[in-house]
Structures are given as C-alpha cells and as structure tokens.
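These are my notebook entries on a single chain. I looked up its core, its ring pairs and a few individual residues.

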Amino acid sequence: MGNNIGLDQNGVDKVVDWLNGYLSDLHVLYVKLHNVHWNVEGTDFFALHARFEEYYDAVHEELDAVAEKIVILGSRPLARIADYIDRTSLAESESKAIGPAEAVRLIADDFSKMIVNLRNGIAVAQDAGDETTADLLIGSLGRYEKDLWMLKAFLA
Ligand SMILES: [Fe+2]
C-alpha cells in the first residue's frame, strides 16, 4: 500500500480499513433493498416497490464511488461476497412476503445504522486530513438523513 496524494500513510490505512467495512455494508444493503423491492405486499405496493428501486440504484452508485475512493487512496477494495459478509455490521433478511410498515421499518433501521457508521467514518477521514473522503461521506450522510426522515414520516 502507498499513496502519492500527500497524506500520512498511517491515517490512510485507517480510512481504507473503515471504507472497506462501509463497502461491505453497502453490498448487504444493496441486496436487502432488492429483497424488499421484490417481496413487499399490500396497499402501498406500487409506491414502495418503486422507492426501494430508487434506493438500490443510489446505493449502487455509492458503493462504486466508495470502492474507487479506496483505489484512489492507493489500496484495493474488498471484492468478494464472503469478505462483505465477514465485515458488514448489517444483518441480512429472509426472502418472504413483507408488509409496507414492516418493510419500511426494516430499511429505516438500516439507514439509521448507516448514519451512525458514517459519522464514525467522517471522523476517521478528518483525523487523517482526508477531506475528499470526508466530503464523499458527508454527501452520503445527508442523503440517508433525508431518506430516514421520509421513512419515519411514512410510519407516523
Ligand atoms: Fe425490479
């Protein structure tokens, strides 16, 4: 591992390690959003089916940006499902019919976890003086905060 972007390698190693854990979370979230996209049933089917698709499209873009950031930092992103399962802080869910409120609660809980994780990652990046990684993560944080508000409004 090495970087030529003027950052202390010790700090970069910590950022990369955090980003690989977050990349693992994103892969699990990506699959889980497909799960509820496919399995949600009930009166709000059309709205939630479409909304969950928007979410997994956004997660796909995010996970690509995070993996590329790891390469930019002179390292290699985890690229095996087994590694993602090993590193993730999220739990997978069974494939079965799920009602609108239960599906939204499931995703809201994960978005809450992503928000807590992101706050840690932003601190790790800022400690390393890595402003562009912090900026990337702050952008994600804002999106999850807004999405969580809307999911909670659905449940109210
Ligand atoms: Fe679909």
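**Entry 1: the core**

I began with the largest nonpolar core, which has 42 residues; Tyr22, Phe52 and Tyr144 have the most contacts inside it. I then looked up which helices supply this core, and found that α1, α2 (45-72), α4 and α5 each give at least two residues. The largest share, 12 residues, comes from α1. I note here that the model is predicted.

**Entry 2: the chain as a whole**

I counted five helices and zero strands in the chain. Along the sequence the pattern reads α-α-α-α-α. Of the 156 residues, 44% are buried.

I next checked the overall dimensions. A compact globule of 156 residues would have a radius of gyration near 15 Å; I find 16 Å for the chain, which agrees. Along the principal axes, the C-alpha atoms fill a box of roughly 55 × 30 × 20 Å. Taking contacts between residues at least 6 apart in sequence, I see that 80% join residues at least 24 apart.

**Entry 3: aromatic pairs**

How many aromatic pairs does the structure hold? I find six. One of them joins Trp18 and Tyr22, which are stacked, with 5.0 Å centre to centre and 15° between the planes. Both residues belong to helix α1 (residues 9-39) and sit four residues apart, about one turn of the helix. In an α-helix there are 3.6 residues a turn, so residues three or four places apart point the same way. Trp18 and Tyr22 are both buried.

I then turned to Phe111 and Tyr144, an edge-to-face pair at 5.1 Å centre to centre, with 75° between the planes. This pair links distant parts of the chain: Phe111 is in helix α4 (residues 100-127) and Tyr144 in helix α5 (residues 131-155), 33 residues apart. Both Phe111 and Tyr144 are buried. Ring pairs also tie these two residues into a cluster with Phe52 and Tyr55.

Which residues does Tyr144 contact, leaving aside its neighbours within four places in sequence? I list Tyr22, Leu26, Leu29, Val59, Glu62, Phe111, Met114, Ile115 and Leu118.

For helix α5 itself I compared the span with expectation. At 1.5 Å a residue, its 25 residues should span 36 Å, and the end C-alpha atoms are 36 Å apart, which agrees. I found that the buried residues of α5 are Thr133, Ala134, Leu137, Ser140, Leu141, Tyr144, Asp147, Leu148 and Leu151. These buried residues pack against α1, α2 and α4.

Asn20 is found in helix α1. Is Asn20 buried or exposed? I take Asn20 as buried because its relative accessible area is 7%, where the cut-off is under 20%. Its side chain reaches the backbone nitrogen of Leu78 at 2.8 Å. Not counting residues up to four places away in sequence, Asn20 touches Ile70, Arg76, Pro77, Leu78 and Arg87.

Asp109 lies in helix α4. I record Asp109 as partly exposed because its relative accessibility is 43%, which falls between the limits of 20% and 50%. Asp109 and Glu62 are 47 residues apart in sequence, and their C-alpha atoms are 19 Å apart in space.

Definitions and conventions:
Residues numbered from 1 in each chain as written. Predicted model: local features only at pLDDT ≥ 70, side-chain atom pairs only at ≥ 80, totals over all residues. Heavy atoms only, no water. Phe/Tyr/Trp six-rings, centres within 6.5 Å; stacked < 30°, edge-to-face > 60°. Buried < 20%, exposed > 50% of the residue type's maximum accessible area, 1.4 Å probe, protein only. Core = buried A, V, L, I, M, F, W, Y, C linked by side-chain atoms within 4.5 Å. Contact = heavy atoms within 4.5 Å. Expected span 1.5 Å × (residues − 1). Polar contact = N/O pair within 3.5 Å; in protein donor to acceptor, adjacent residues only side chain to side chain. Rg over C-alpha atoms; globule rule 2.2 N^0.38 Å.
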